[in-house]
Amino acid sequence: MCGIIGYCGKKHLTDVLLTGLKRLEYRGYDSAGICLGNSNSLTIYKKEGKIRDLTAIVPREATGSWGMGHTRWATHGGVTDVNAHPHTDCSGKIAICHNGIIENYSRLKEKLGSEGHSFHTETDSEVIAHLIESMYSGDLEKAVKDSVPLLQGTFGLLVMHADHPCEIIGARNGSPLVLGIGENEMFLASDVSAMMSHTKQVVYCEDGEVVKLSALDYQVSDLRNRPIDKEVSRISWELEELEKGKFSHFMIKEIFEQVQSIPRAMNGRVDENQATARLGGLNMTERELLGIKRVVIIAAGTSFYAGQTAAWLLESLARIPAVTELASELRYRNPLVEEGTLYFAVSQSGETLDTLMAVRELQSKGARVLGICNVVGSTIARESDGGVYIHSGPEIAVASTKAFTSQLTALYLFILKMARMRHMAWLQGQTFIEGLLSVPRCLESILARAGELQALAKKYHQAESFLFLGRGINYPVALEGALKLKEIAYIHAEGCSAAEIKHGPIALINQNTPSMFLVPEDHLRSKLISNMKEIKARGGPVIALCMEGDRETAEIADDVFYVPKISEEFSPFVMVVPLQLFAYYCALELERNVDQPRNLAKSVTVE
Ligand code: F6R
């Protein structure tokens with residue numbers, strides 16, 4: 001949610017800011033702005049729309065010696081030029097870019113208003129500029145440090161002052177902030193993608209830290225002015241990973257990448273001799289792992305469905321009670337933390353605020369929380385007590401695809417380890433490993449037939465509404481299929497357990513409401529076949545994803561897409577990829593903005 005970038009250095013300022021914002025655009029894309037600092041003045045350009053709309057209004061010759069930019073995902077105040085960041089104080093000398101939400105902004109606005117400050121926007125963020133103005137007496141860093149304790153909510157904040165050339169102050173609470181160290185240049189941004197073409201040396205800021213940035217130097221300190229010695233890390237991603245390459249959208253590129261990203265999540269973690277998994281990052285001894293009595297997985301959105309799928313398998317294979325909880329609900333529920341319960345926080349970005357806050361709530365109660373994250377150095381990854389990086393590479397499309405299958409892979413390895421420590425024999429462990437290793441090959445064969453899913457999308461994209469129906473381990477996959485279609489094609493879709501349709505959703509069935517059935521060869525297949533017949537009897541079109549050679553299903557369904565035969569536990573992989581492709585092609589048919597769907601943004605750092 002919202003991307004920010006600050007730059008001090010000698011490169012062409014507008015180029016650095018606009019290309020940086022372009023890389024951050026997936027975080028928010030309803031309006032954008034930049035602030036250019038030149039000796040003792042600040043010039044601001046801001047515009048509703050995409051970064052290309054902003055670029056169009058910035059004169060080519062416009063530049064400066066230090067500056068910052070923002071790409072917005074609106075929370076408070078409509079999407080307008082005026083509400084776009086940067087925001088300024090009354091004098092126009094102080095400018096801020098803010099990612100997050102200031103919850104007490106109305107009270108602050110009232111107070112500052114009564115002191116004579118006048119406001120020009122409907123945003124919560126504008127109060128920050130005026131608050132800093134009210135605290136300022138010649139030292140910008142001090143004014144920021146005096147202001148920050150009065151702000152309730154979350155922020156990744158950049159501040160400039162016309163009278164402080166080549167100085168940017170950054171502050172963080174709850175929203176990410178990363179410092180980039182280049183040669184005679186420095187960056188501060190909400191994520192590394194904004195600076196990767198310039199430097200790979202980064203410092204991750206923590207909550208409560210304030211950064212003072214110039215082109216040659218940076219200082220990090222806390223609110224009581226104590227300097228903090230920060231570790232410098234190296235970004236492992238390559239620049240090409242941030243490009244679409246030969247693909248027309250990031251989403252389709254990322255769907256196809258799953259053939260490589262799943263093996264990456266397994267790399268070095270499979271112990272074929274012992275038929276188990278090696279997961280050193282968990283930071284737990286075998287004895288501690290043996291003591292686990294219950295697993296709770298917390299997450300949001302697609303990551304939640306990966307968690308639900310894994311919880312099903314954990315219980316069935318490792319015989320450990322496992323549940324998945326929405327982080328947003330858990331954090332406000334006063335959860336009961338018990339000895340012997342292990343928590344996993346699953347998050348692609350590692351920055352989802354609800355998940356992060358749930359992690360903190362659980363840790364404050366003494367829970368051990370492990371992270372399953374993609375973004376190295378992200379807040380959840382750093383704050384959790386251990387975990388597994390999924391190494392999918394950057395996921396740029398707003399709709400999550402490759403992260404889902406890599407999250408599953410990492411969780412499956414954990415399940416293997418737990419199962420092998422309990423009831424699973426060596427031979428069964430070997431079979432499990434063989435199954436997991438065969439997944440990429442199966443996906444290759446599905447991807448080679450992507451055209452069949454495109455044809456289905458051509459046939460069905462005008463549907464009013466869709467049902468996605470699965471059972472057992474594929475029930476969460478049905479929910480994920482519905483989510484994908486909703487978020488990128490804007491077609492209403494509901495994911496249900498096929499068993500539940502008779503309790504209500506079947507009332508929705510008509511000729512314009514197709515049902516997508518997930519029919520693997522498991523013990524619930526015959527039940528699904530009955531459910532398909534129930535839908536057909538009511539005139540509803542049926543599309544089925546079933547295993548190669550499943551004639552019976554093909555005879556009932558209007559259309560089928562065959563997936564390679566694979567055992568039940570791995571069926572979520574071969575079911576989800578056709579659903580991702582189907583949603584993608586429906587979105588294309590409907591001419592949607594696939595990578596940047598309306599109202600959404602990647603990395604949800606607000607509540
Ligand atoms: C859907 C999607 C979202 C995310 C959710 C959690 O395609 O991308 O539902 O899965 O916002 O994000 P992370 O995994 O970054 O915590």
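How do the residues of the shell around the ligand divide into nonpolar, polar and charged? The shell divides into 5 nonpolar, 8 polar and 2 charged residues. Here Ala, Val, Leu, Ile, Met, Phe, Trp, Tyr, Cys and Pro count as nonpolar, Asp, Glu, Lys and Arg as charged, and the others, Gly among them, as polar.

This is a predicted model, in which local features need pLDDT of at least 70 and side-chain atom pairs count only at pLDDT 80 or more, while totals for chains, interfaces and linings use all residues. Residues are numbered from 1 along each chain as its sequence is written, and side-chain values use heavy atoms, with hydrogens and water left out.

**Stop one: the ligand**

Of the 15 residues around the ligand, select S303, S347, S349, T352 and E487, which come nearest. Next, look for polar contacts (pairs of N or O atoms within 3.5 Å). On S303, a polar side-chain atom is 2.5 Å from an oxygen atom of the ligand. At S400, a polar backbone atom lies 2.9 Å from a ligand oxygen atom. For K484, the distance from a side-chain N or O atom to an oxygen atom of the ligand is 3.0 Å. The ligand taken alone exposes 410 Å², and the protein buries 87% of that; the areas come from the Shrake-Rupley method with a 1.4 Å probe.

Now colour helix 9 (301-318) and helix 16 (475-489), the elements that give two or more residues to the shell around the ligand. Helices are DSSP runs of H or I with at least four residues, strands are runs of E with at least two, and both are numbered from the N terminus.

**Stop two: the domains**

Where does the ligand lie relative to domain 2 (242-444) and domain 3 (449-594)? Both domains give residues to the shell, so the ligand lies between them. The bounds come from an automatic or database domain assignment.

Most residues other than glycine have a negative phi, and most peptide bonds are trans. Select H85 and P86: the peptide bond from H85 to P86 is cis, with omega near 0 degrees. P86 is in the loop between strand 4 (66-72) and strand 5 (87-88).

Go on to N184, in the loop between strand 9 (178-181) and strand 10 (186-189). N184 is not a glycine, yet its phi is positive, near 55 degrees.

End at A275, in the loop between strand 15 (270-271) and strand 16 (276-277). A275 is also not a glycine and has a positive phi of about 55 degrees.

Methods:
A residue is near a molecule or strand if one of its heavy atoms lies within 4 Å of it. A polar contact is a pair of N or O atoms within 3.5 Å; within protein, one must be able to donate a hydrogen and the other to accept it, and residues adjacent in sequence count only if both atoms are side-chain atoms.
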